[in-house]
Amino acid sequence: MTRYSIWSLARNALTWHENWPRYWRSPDPRPEYDVVVVGGGGHGLATAYYLAKEHGITNVAVVEKGWLGGGNTARNTTIVRSNYLFDESAALYELSLKLWEGLSRDLNLNVMLSQRGVLNLAHTLGDVRAGRRRAEANRLNGIDSHWLEPDEVAKVCPILNMSRSLRYPVLGSTWQPRGGVARHDAVAWGYARAADARGVDIIQNCEVTGINRNGDRVTGVETTRGTIRAKKVAVVTAGHSSVLAEMAGFRMPISSHPLQALVSEPIKPVLDCVVMSGAIHVYVSQSDKGELVIGAGIDSYNSYAQRGSFHVIEGQTAALVELFPMFSRLKMMRSWGGIVDTCPDASPIIGKTPVKGLYFNCGWGTGGFKATPGSGYVFAATVANDEPHPVAAPFALDRFTTGALVDEHGAAGVAH
Ligand SMILES: Cc1cc2nc3c(=O)[nH]c(=O)nc-3n(C[C@H](O)[C@H](O)[C@H](O)COP(=O)(O)OP(=O)(O)OC[C@H]3O[C@@H](n4cnc5c(N)ncnc54)[C@H](O)[C@@H]3O)c2cc1C
């Protein structure tokens with residue numbers, strides 16, 4: 001693999017930048033692998049990378065039905081933070097944030113992590129209590145989150161409408177300075193390139209159509225490019241997780257919903273932090289290109305179509321204009337949707353399944369982009385050792401029978 005550096009840039013300048021190698025190879029699938037990872041989103045690619053890097057398991061294929069990052073990974077609003085309420089979630093998302101902080105160097109590709117800070121606004125007394133509680137819980141877990149009073153919020157984000165006469169005035173906010181945004185497709189490409197360099201086969205346009213079993217043990221997958229045998233199969237297919245579970249003969253407590261986002265025309269820099277409001281349902285940051293990246297809540301119906309309804313966009317833009325009247329005359333350039341895999345307790349499912357050798361990592365819902373590195377890291381360990389990584393253990397599928405749920409609806413349910 002060519003290492004990206006000032007020297008490789010200079011060397012390639014001599015040949016007019018025409019000879020840069022491809023990021024990854026595109027091999028045909030082999031008949032058998034030690035591990036087949038199903039799903040070439042960020043989580044699947046990160047899993048393959050850490051299997052190779054941390055556990056020396058390189059006889060691995062990532063099979064993706066479309067193109068890398070064509071799922072939620074490159075459709076999200078890229079918010080990264082770790083200020084979740086419960087200890088279990090804080091450990092998972094903070095592990096992830098720490099990995100984010102070294103990721104560009106680790107992958108030798110700039111994932112453009114911008115730790116510009118994240119505000120989670122409070123608009124009601126209930127919001128204020130929940131926000132304060134969460135900030136205190138975060139501090140106990142060593143997470144850099146704290147509570148801001150309205151005058152402090154105005155200092156962090158001067159263009160925010162702080163009028164008390166708003167229908168839902170801003171009564172305060174949590175603030176995580178280490179939160180921010182990253183470049184989503186670079187995350188998929190970075191993991192793919194680094195995994196490929198360690199020998200992982202990345203196979204696009206290869207849909208898994210069946211999961212093969214011998215009794216209660218997985219033996220491989222059927223794909224549109226033939227049968228692939230595998231000792232272990234790791235499924236990381238987000239909104240299609242319940243479809244894959246059905247292929248393996250069991251049910252997942254996942255419901256799939258459209259979630260959409262939109263971007264405005266580019267404008268000069270006006271917003272240097274991420275602003276999120278769970279209560280009135282809008283999230284906004286400004287991209288390096290100057291566009292406002294705006295997210296909303298899910299459509300309430302189930303769907304596999306990667307688009308959402310207009311009334312959600314209407315509510316989202318009304319909320320945006322209430323918080324930022326100066327954005328009222330901005331033109332919106334494009335909108336899109338992804339299919340998010342929501343769990344009853346708004347926490348992911350990571351680990352073993354009733355089928356031996358078959359593992360699932362899903363249920364990240366509206367907020368899994370921020371977890372990409374940590375999710376791949378703990379899932380790779382779980383697959384490699386056939387034993388849940390300690391940070392992943394509370395997120396096992398059996399919590400839906402034991403009742404040990406990790407209810408993160410406040411921190412994750414409607415937020416990203
Ligand atoms: C509009 C929107 C905004 C969001 N905003 C945020 C945010 O700001 N912050 C945040 O943290 N999270 C956010 N999220 C959530 C986040 O994007 C996801 O949780 C995360 O990207 C999931 O990554 P993944 O790799 O698991 O899934 P994906 O990237 O969806 O990857 C799954 C892959 O599996 C493939 N696949 C499915 N079925 C098969 C099959 N049968 N065979 C082979 N391959 C298959 C799909 O093609 C897909 O590429 C948002 C999501 C959306 C849609």
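**Entry 1: a hairpin**

I began with the hairpin of β17 and β18, where five residues sit between the strands and Gly 357 takes a positive phi near 80 degrees. Strands here are DSSP runs of E with at least two residues, helices are runs of H or I with at least four, and both are numbered from the N terminus. This is a predicted model, in which local features need pLDDT of at least 70 and side-chain atom pairs count only at pLDDT 80 or more, while totals for chains, interfaces and linings use all residues. Residues are numbered from 1 along each chain as its sequence is written, and side-chain values use heavy atoms, with hydrogens and water left out.

Which way do β17 and β18 pair? I found that β17 (residues 349–352) and β18 (residues 358–362) pair in the antiparallel sense over four bridges; to pair, two strands need at least two bridges found by DSSP. Ile 350 stands opposite Asn 361 in β18.

**Entry 2: two domains**

Next I looked up the domains, whose bounds come from an automatic or database domain assignment. Domain 1 covers 21–78 + 185–253 + 345–412, and domain 2 covers 91–181 + 255–342. Their centres, taken over C-alpha atoms, are 27 Å apart. Domain 1 gives 44 residues to the contact and domain 2 gives 34, contact meaning heavy atoms within 4.5 Å.

I noted a buried area of about 3,000 Å² between them, with 63% from carbon and sulfur atoms. Buried area is the accessible area (1.4 Å probe) that two parts lose on being put together, summed over both.

How many salt bridges cross this interface? The rule finds one, where a salt bridge is a side-chain nitrogen of Lys or Arg within 4 Å of a carboxyl oxygen of Asp or Glu. I also looked at Asp 106 and Lys 53, whose side chains meet in a salt bridge (3.3 Å, N to O).

On the side of domain 1 that touches domain 2, several helices supply at least two residues each, among them α2 (42–55) and α10 (372–385). The largest share, six residues, comes from α7.

Asp 196 lies in helix α7 and Arg 25 in the loop between α1 (6–13) and β1 (32–38), so the pair ties together parts 171 residues apart in sequence.

**Entry 3: Asn 212**

Last, I visited Asn 212, which is in strand β9 (residues 208–214). Leaving out residues up to four places away in sequence, Asn 212 touches residues including Arg 217, Val 218 and Thr 227. Asn 212 is 82 residues from Ala 130 in sequence and 46 Å away in space, C-alpha to C-alpha.
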